[in-house]
Amino acid sequence: SIHSLSLSLQAKMSKPVQARRLEGIDKNIWVEFVKLAATYSTVNLGQGFPDFPPPDFLKEALERALGGENHALHQYTRAFGHPPLVKILAQFFGKLLGRDLDPMTNVMVTVGAYQALFCCFQAFVDEGDEVIIIEPFFDCYEPMVKMAGGTPVFVPLRPRTPKDGKLMSSADWQLDPDELASKFNERTKAIVLNSPNNPLGKVFSRGELELIADLCARHDVLCISDEVYEWLVYDGKEHIRIASLRGMWDRTVIIGSAGKTFSATGWKVGWTVGPDRLLQHLRTVHQNSVYHCATAPQDAVAQGFQRELELYGKPDSYFIRLPKDLQRKRDRLIQSLDAVGMKPIVPEGTYFLVADISEFKSDVPDVPDSEEPYDSRFAKWMVKSKGLAAIPLSAFYSEAHKNNYTRFIRFCFAKEEATLKAASDILQKWKREKTRP
């Protein structure tokens with residue numbers, strides 16, 4: 001009868017459909033803010049992608065891959081990385097790390113650095129394992145650790161106020177050595193290191209990396225080293241690879257990204273570099289999830305690296321030209337923000353710049369007992385009423401620490417001159433409105 005049919009349908013639908021590992025990780029800041037930016041913003045300095053094109057040599061390489069006679073580039077290639085790409089990555093990173101790398105076992109290509117991270121957490125983290133995450137952190141680290149059954153353990157970079165009224169630098173945000181050491185124990189499986197750091201733009205110094213390396217060795221802990229901004233360092237700073245420090249090659253997976261390296265974030269070509277004893281487990285996760293990355297972009301990225309290897313250290317190298325260009329853009333945005341009283345924290349690396357919005361309290365008054373952090377409400381108000389999109393810094397903190405860092409927002413300065421000028425115009429107009437009697 002119809003009655004019993006509807007009962008049996010009801011009975012079937014009452015089981016929870018959602019896997020337990022998804023509990024509490026369903027919210028995502030990007031979904032919300034990308035939608036807001038698309039709806040309201042005239043100038044989007046929120047999400048981290050350039051609005052300028054990749055270099056011509058890279059676009060031409062992709063055109064050749066797609067339009068050339070080699071029809072194999074439209075088909076599957078090797079699951080763990082297109083042979084020309086893993087070969088040149090092994091050569092290139094072998095040079096940087098001063099060791100012989102085997103392209104087949106020491107390199108694996110992934111769907112962007114994002115999938116590389118996913119592979120690491122799935123391959124290494126078991127129920128009950130602890131993973132140390134340095135705050136502020138790129139927001140996917142926490143849900144990915146939880147999804148693997150692990151427990152994230154947070155340790156903050158602590159800001160020190162610079163002397164003599166100078167602008168704060170990302171170098172002023174530092175780890176407390178004792179606090180960091182206190183987070184390591186027998187349950188610690190890995191630490192996630194992101195240098196240069198998104199969102200702050202901090203480039204970890206040799207001393208800080210040696211401190212982390214020493215603790216990893218002492219407690220037998222893995223290091224997941226997210227180095228996607230490795231070429232984007234400014235003011236003569238140097239990006240030091242933690243895997244090159246004593247005892248660290250064996251316990252480190254390096255993660256890189258063609259999206260950030262060649263300003264082509266939509267290509268989604270990333271990679272991992274590390275010892276076979278670690279990468280073999282990443283290959284297992286990769287072959288049982290994505291299995292394979294798009295062939296043609298891998299071929300083009302291989303050609304890009306071939307060019308960069310030949311021009312390494314020379315003025316024409318894209319890896320030298322791009323940071324010079326971005327440093328000018330950074331300085332331009334610093335000037336615009338400083339002029340209106342948003343105090344920028346000068347980043348040593350990355351696409352990003354964090355600014356202090358304390359002086360804008362009169363525009364967006366605090367709501368006591370609000371569930372939502374102040375910077376989040378400020379960023380939403382700013383995009384809706386001023387047309388300028390940015391991301392609240394509290395989005396890069398754990399639930400427990402969100403409310404300690406609510407007076408900052410993050411801007412992306414990897415933008416065309418016209419975009420940065422439009423942002424500056426919005427800020428100037430805003431300032432005039434504020435000072436009007």
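Which residues does UniProt list for "domain: Aminotransferase class I/classII large"? The unreviewed entry gives residues 43-423, with positions in the numbering used here and annotations that may be inferred rather than shown by experiment. The model is predicted, so local features need pLDDT of at least 70 and side-chain atom pairs count only at pLDDT 80 or more, while totals for chains, interfaces and linings use all residues. Residues are numbered from 1 along each chain as its sequence is written, and side-chain values use heavy atoms, leaving out hydrogens and water.

Now to strand β8, residues 222-226, where I224 is found; strands are DSSP runs of E, at least two residues, numbered from the N terminus. I224 has 1% relative accessibility and counts as buried, that is, under 20% relative accessible area with a 1.4 Å probe and protein chains only. Leaving aside residues up to four places away in sequence, I224 touches L117, C120 and F121, among others; contact means heavy atoms within 4.5 Å. L117, C120 and F121 are among the buried residues of α5.

On to the aromatics: the structure holds 33 pairs, counted for Phe, Tyr and Trp (its six-membered ring) when ring centres lie within 6.5 Å, with planes under 30 degrees apart called stacked, over 60 edge-to-face and the rest tilted. Y229 and F352 pair edge-to-face, at 5.9 Å centre to centre and 80 degrees between the planes. Y229 sits in the loop between β8 and β9 (252-257) and F352 in strand β12 (residues 352-356), so this pair ties together parts 123 residues apart in sequence. Y229 is buried at 4% relative accessible area, and F352 is buried at 1%.

Definitions and conventions: Helix = DSSP H or I, 4+ residues; strand = E, 2+ residues; numbered from the N terminus. Buried < 20%, exposed > 50% of the residue type's maximum accessible area, 1.4 Å probe, protein only.
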